[in-house]
Amino acid sequence: MSFLSSLAAVLVISYLAGSLPFGFIIGKCHGLDIRREGSGNIGATNVTRVIGPWWGKLCFLLDFLKGLCPAAAAVLLVKHGVLEDPHHLLPAAATLAVVLGHIYPVFLKFKGGKGIATAAGAIFPLCPAAVILGFLSWAVVFLITRYVSLASITAALVLPATAAILHFFHLPGATRSLPSVILFILLGILAILKHLSNIKRLLNGTESRFSKSDKRG
């Protein structure tokens with residue numbers, strides 16, 4: 001299989017996987033259009049607030065896994081020589097396509113979520129240490145402030161910064177692919193851009209904190 005054929009297959013399959021709108025599906029299983037409830041987002045936070053914490057956790061897990069699977073498959077297929085990848089681009093291409101699929105899903109007229117969980121899942125096979133530190137930073141900021149948006153923005157900054165430091169200083173757990181590091185930085189910027197409305201509300205003091213009273217059960 002030539003590189004261009006491999007690249008095309010990875011991009012299409014990863015994008016379609018990312019387009020699977022698990023939050024929307026969970027909402028429909030409860031007789032709801034999650035896009036018309038709460039914040040209108042199809043991600044785990046809105047599912048938690050509208051439907052309940054366990055369904056929110058399930059949504060996060062499914063979004064994480066739909067990012068993980070295409071990227072991990074690309075890594076393994078390249079490693080075992082099934083796909084030709086002379087430029088070390090296919091895992092990064094899978095990561096980019098699956099995240100764009102979540103943000104711009106073909107199944108929901110290209111209106112999706114913010115891509116945090118899916119991006120974390122996709123990046124994990126390439127640089128697990130960066131994802132782990134990103135999750136830790138998310139947890140610390142959320143527990144202190146109860147702002148999901150601020151925690152997500154923090155993780156979007158910490159994850160690519162960690163990946164870049166590991167790569168350029170040749171530390172254990174680093175990805176050896178410079179294109180992947182560049183992609184992580186671009187995805188971090190995209191995540192922040194998707195949170196611009198949240199940033200404005202944070203600055204204005206009108207952003208909603210996450211609390212137990214937001215949960216239906």
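Where does Gly-115 lie? In this predicted model, Gly-115 is found in the loop between H5 and helix H6, the latter spanning residues 116–123. With a relative accessibility of 6%, Gly-115 counts as buried, because the limit for a buried residue is a relative accessible area under 20%. Setting aside residues up to four places away in sequence, Gly-115 touches His-102 and Ile-103. Between Gly-115 and His-102, which are 13 residues apart along the chain, the C-alpha atoms are separated by 5.9 Å.

His-102 also takes part in the packing of two helices, H1 and H5. Two packed helices are described by the angle between their axes and the distance between the axes. For helix H1 (residues 3–18) and helix H5 (residues 90–103), the angle is about 30 degrees and the axes are 7 Å apart. Angles under 35 degrees count as roughly parallel, and H1 and H5 are therefore roughly parallel to each other. Their crossing is right-handed. On the side of H1, the contact is made by Phe-3, Ser-6, Leu-7, Val-10, Leu-11, Ser-14, Tyr-15, Ala-17 and Gly-18. H5 contributes Leu-90, Ala-93, Ala-94, Ala-97, Val-98, Leu-100, Gly-101 and His-102. Of the residues in this contact, twelve are nonpolar, five are polar and none is charged.

A further set of buried residues is found in helix H2 (residues 22–29). Phe-22, Gly-23, Phe-24, Ile-26 and Gly-27 of H2 are buried. The elements that cover these residues include helix H3 (44–50) and H4. After H2 comes Gly-31, whose phi is positive, near 75 degrees.

Attention now turns to charged side chains. Side chains of opposite charge can pair when their charged atoms come close. With a salt bridge taken as a side-chain nitrogen of Lys or Arg within 4 Å of a carboxyl oxygen of Asp or Glu, the count comes to four salt bridges. One of them joins Lys-66 to Asp-63, with the closest N and O atoms 3.5 Å apart. Lys-66 and Asp-63 are three residues apart in helix H4 (residues 53–79), so about one helical turn separates them. Both partners count as buried, Lys-66 with a relative accessible area of 6% and Asp-63 with a relative accessibility of 3%.

A second pair consists of Arg-201 and Glu-207, which form a salt bridge whose closest N and O atoms are 2.7 Å apart. Here Arg-201 is partly exposed, at 32% relative accessibility, whereas Glu-207 is buried, with a relative accessible area of 11%. Elsewhere, salt bridges that share partners join Asp-33, Arg-35 and Arg-36 into one network. Arg-35 is partly exposed, with a relative accessible area of 36%, while Asp-33 counts as buried at 13%.

Notes. Residues are numbered from 1 along each chain as its sequence is written. This is a predicted model: local features need pLDDT of at least 70, side-chain atom pairs count only at pLDDT 80 or more; totals for chains, interfaces and linings use all residues. Side-chain values use heavy atoms; hydrogens and water are left out. Axes are lines fitted to C-alpha atoms, for helices over the stretch in contact, and angles run from 0 to 180 degrees between N-to-C directions. Helices (H or I, at least four residues) and strands (E, at least two) are DSSP runs, numbered from the N terminus. Angles under 35 degrees count as roughly parallel, over 145 as roughly antiparallel, 65 to 115 as roughly perpendicular and the rest as oblique. A crossing is left-handed if the near helix is turned anticlockwise from the far one by less than a right angle, and right-handed if clockwise. Contact means heavy atoms within 4.5 Å. Ala, Val, Leu, Ile, Met, Phe, Trp, Tyr, Cys and Pro count as nonpolar, Asp, Glu, Lys and Arg as charged, and the others, Gly among them, as polar. Buried means under 20% relative accessible area, exposed over 50%, partly exposed in between (1.4 Å probe, protein chains only).
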